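Trainee: I would like to go through this model term by term. Please set each value against its cut-off.

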Amino acid sequence: MAKSAAAVLLAVAVAAVLGLVSASLADQGTATYYTVYTPSACYGFQDEGTMIAAASDSLWDGGAACGRMYTVTCVGGTNATPNPCNGGTATVKIVDRCPSPACQATLDLSQEAFSAIGNIDAGKIVIDYNQYGVKEQLSTMEV
């Protein structure tokens, strides 16, 4: 019994540590939205669905961002629009580039992805984002 209790305590401690580590992986930025999805810099005229995004220069990585998945959550507004967030989370695939200086956000989300996390009327929101898969990889690491 003592060995079993110790194993449970160790599992709880590991989960707590991993929870803290994965929370620290969240980056904060901003999101806007767009409505014309093709052609895209990554996939041309190939339809990649509607849960997609364009990466700003800071995430583009010379095109290596194509296909990367991000989990995105609204955490606040950038203007006086009431209720900029709706409490949702979206997972999006990078299919395009949002180059500066025209790009005014970290991620330019499809309208569908934006509306899953925020109020379209806000136009621009503050987001937390994580590259999808990073947190999951940490939780499977052996301690």
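Mentor: Start with the disulfide: a pair of cysteine sulfur atoms within 2.5 Å. This is a predicted model, where local features need pLDDT of at least 70, side-chain atom pairs count only at pLDDT 80 or more, and totals for chains, interfaces and linings use all residues. Residues are numbered from 1 along each chain as its sequence is written, and side-chain values use heavy atoms, with hydrogens and water left out.

Trainee: What makes Cys98 and Cys103 a disulfide?

Mentor: Their sulfur atoms lie 2.2 Å apart. The limit is 2.5 Å, so the pair qualifies. The torsion about the S-S bond is 110°, and the link of Cys98 and Cys103 is right-handed.

Trainee: How many disulfides does a search of the whole structure find?

Mentor: Three. Cys42 pairs with Cys66, sulfur to sulfur 2.0 Å. Cys74 pairs with Cys85, also with an S to S distance of 2.0 Å. With the bonded cysteines numbered in sequence order, the pairing reads 1-2, 3-4, 5-6.

Trainee: Why is the disulfide of Cys42 and Cys66 called left-handed?

Mentor: Because the torsion about its S-S bond is about -80°. Cys42 sits in the loop between strand S1 (27-34) and strand S2 (52-56), and Cys66 in the loop between helix H2 (57-60) and strand S3 (69-77), so the pair ties together parts 24 residues apart in sequence.

Trainee: What is the handedness of the link of Cys74 and Cys85?

Mentor: Left-handed, with -60° about the S-S bond. This pair links distant parts of the chain: Cys74 is in strand S3, Cys85 in the loop between S3 and strand S4 (89-98), 11 residues apart.

Trainee: Why is Cys74 called buried?

Mentor: Its relative accessible area is 9%. Buried means under 20%, exposed over 50%, partly exposed in between (1.4 Å probe, protein chains only). So Cys74 is buried. Cys85, at 26%, counts as partly exposed. Cys66 has 27% and is therefore partly exposed. Cys98 and Cys103 are both buried.

Trainee: How much of the chain counts as buried?

Mentor: 34% of its 143 residues.

Trainee: What counts as a helix or a strand here?

Mentor: Both are DSSP runs, numbered from the N terminus: helices are H or I with at least four residues, strands are E with at least two. The chain has four helices and six strands. Their order from the N terminus is α-β-β-α-β-β-β-α-β-α.

Trainee: How do you know that S3 and S4 pair?

Mentor: Five bridges join them. Pairing takes at least two DSSP bridges, so S3 and S4 pair. They run antiparallel. Strand S6 (residues 125-131) is joined to S3 by seven bridges, again antiparallel. Thr73 stands opposite Thr89 in S4, and its bridge partner in S6 is Asp128.

Trainee: What makes the link between the side chains of Thr81 and Asn79 a polar contact?

Mentor: The distance is 2.7 Å. A polar contact is a pair of N or O atoms within 3.5 Å; within protein, one must be able to donate a hydrogen and the other to accept it, and residues adjacent in sequence count only if both atoms are side-chain atoms. So 2.7 Å falls within the limit. Thr81 lies in the loop between S3 and S4.

Trainee: Which residues is Thr81 in contact with, leaving aside neighbours within four places in sequence?

Mentor: Asn119, Asp121 and Ala122. Contact means heavy atoms within 4.5 Å.
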